[in-house]
Amino acid sequence: MWELEKVLDSLPVAVIAHDLNRKIFFFNREAENLTGYTKQEVIGNDCHKVFPGGFCGKKCSFKKNTTILSFKDLEYNVKFIDKQGNLKFLETRVVPIYNDKEIIGICAVFQDITYEINTEREVEGATKFHDIIGSSEKMLRLYAQIRNVSKISVPVLILGESGTGKELVAQTIHKLSPRKNGPFVAVNCGALPDSLIESELFGYVKGAFTGATKTKKGRFELAHGGTLFLDEIGDVSPAMQVKLLRAIQTYTIERLGDDKRIRVDIRIVSATNKDLKEEIKQGNFREDLFYRISVIPIKIPPLRQRIEDIPLLIDHFVEEFSSEFNMPKPQVSPSAMELLKRHNWPGNIRELQNVIQYALVESLESNGHRIEPSHLPNYLLEKNVVHEIALSKSNNTKRVRKQFDPKEIEMAIKRCGGNKVKAARFLGVSRATLYRWLSKINTE
Ligand SMILES: Nc1ncnc2c1ncn2[C@@H]1O[C@H](COP(=O)(O)OP(=O)(O)OP(=O)(O)O)[C@@H](O)[C@H]1O
Ligand SMILES: [Mg+2]
């Protein structure tokens with residue numbers, strides 16, 4: 001018996017048992033930790049007297065003068081106030097204790113799920129989830145999916161239009177996963193030609209080809225212990241798809257110029273804005289690769305399908321960029337907000353970022369306290385026009401109006417604390433243009 005008590009005391013779950021008169025005869029160490037009561041305080045006493053709210057959440061079957069003939073196992077979550085007055089949520093399972101066929105009492109096993117319940121609530125009323133902003137029903141569903149898939153290491157395929165936040169979601173999955181302390185390695189499969197992508201993904205050994213002067217690890221190896229993000233996977237050529245499939249099936253790779261197979265421990269997250277099912281039909285994408293990478297598909301809704309998130313996102317970006325540009329945070333006038341909500345955002349969140357940057361700079365011309373419709377790009381006022389800014393991937397708003405103006409350049413650099421990347425963004429020009437202008441100023 002003494003050994004049995006030791007065994008039960010070392011369990012990571014709390015155990016309590018009482019007889020038909022609710023007199024407690026067993027209480028293990030975890031039950032002491034969780035409730036704040038000691039064994040001495042509870043053993044031999046009526047369960048309801050020791051624990052004022054009870055463990056049973058008004059589901060107690062043990063009332064005075066009742067005989068228990070049968071008892072069904074019970075499972076429920078219950079609120080509990082511990083001895084120190086802290087509110088806890090317990091997941092409880094109650095089973096009967098038999099002496100032959102007769103019930104002589106019950107045993108309850110319970111676990112503290114306060115943390116899980118609180119996180120769940122946070123998700124329910126959330127306006128953001130880590131770095132992802134949005135409180136629409138669709139986004140809350142997305143947050144729950146991210147949380148679920150982050151726990152297990154299966155391949156995930158993120159689907160969504162351009163600028164919806166696919167990379168952000170991939171990073172969040174990594175950050176929440178048990179691999180969070182490992183690397184997050186991203187490869188833009190669409191940006192690289194086949195000749196480069198193979199060596200980029202799998203690495204090479206010295207002498208593998210002209211120019212391979214030393215051995216180099218590929219992204220698969222660099223992601224060992226972490227997550228490999230295969231972005232724009234829909235753009236990979238059929239020849240490369242075969243090689244990718246082999247690596248993903250076996251979790252082993254060969255560096256170019258070497259036939260030794262190297263095992264990698266990685267989690268694969270892929271993303272595309274293409275309709276891969278359609279690409280399969282057209283013969284552009286391998287079906288077997290599709291099933292390998294999309295064990296769990298996650299679809300990010302386009303911004304136009306969650307307009308209730310637009311004010312939140314605007315507030316977030318106005319705050320972020322105004323602090324980046326060292327200016328006070330302006331208000332957004334109701335009419336400007338109305339126009340922003342009415343737009344259909346083909347470039348999604350990235351387009352919204354660009355528009356807010358543009359509007360902030362424009363608003364400075366009329367003291368920068370309020371963003372008005374006149375500060376928004378003209379195309380937002382025109383109907384059904386997809387402007388190049390909408391789909392532009394770069395973070396600049398391509399404001400053709402900006403001309404070389406040394407005074408303005410100086411002001412922008414000052415405003416951005418000397419940071420030329422920010423200053424270029426502020427001016428709405430590329431970094432190269434700003435450098436060209438600066439060297440022009442210096443030589444003038
Ligand atoms: N819900 C969101 N909350 C806050 N920022 C977001 C959100 N969604 C996207 N962003 C931001 O918008 C920008 C574009 O997101 P991201 O690069 O992840 O999109 P994408 O879907 O990968 O686009 P593309 O298909 O063009 O590669 C990033 O700066 C990202 O941080
Ligand atoms: Mg992307």
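This is a predicted model: local features need pLDDT of at least 70, side-chain atom pairs count only at pLDDT 80 or more; totals for chains, interfaces and linings use all residues.
By class, how many nonpolar, polar and charged residues does the lining of the largest pocket have?

Sorted by class, the lining comprises seven nonpolar, nine polar and 10 charged residues, which is the answer to my opening question.

As to where these residues come from, the lining draws at least three residues from each of domain 2, spanning 126-299, and domain 3, spanning 306-443. At the level of secondary structure, strand 7 (132-133), helix 7 (166-176), helix 13 and helix 15 (348-364) each supply at least two lining residues, and the largest share, four residues, comes from helix 13.

Helix 13 covers residues 310-324 and packs against helix 14, residues 334-342, at an angle of about 115 degrees, with the two axes 10 Å apart. The crossing in which helix 13 passes helix 14 is right-handed. On the helix 13 side the residues involved are I310, P311 and I314, and these meet M337, L340 and K341 in helix 14. By class, this contact between helix 13 and helix 14 has five nonpolar residues, one charged residue and no polar ones.

How values were computed:
Residues are numbered from 1 along each chain as its sequence is written. Chains are lettered from A and ligands numbered from 1 in the order in which they are written. Side-chain values use heavy atoms; hydrogens and water are left out. Axes are lines fitted to C-alpha atoms, for helices over the stretch in contact, and angles run from 0 to 180 degrees between N-to-C directions. A crossing is left-handed if the near helix is turned anticlockwise from the far one by less than a right angle, and right-handed if clockwise. Contact means heavy atoms within 4.5 Å. Ala, Val, Leu, Ile, Met, Phe, Trp, Tyr, Cys and Pro count as nonpolar, Asp, Glu, Lys and Arg as charged, and the others, Gly among them, as polar. Domain bounds come from an automatic or database domain assignment.
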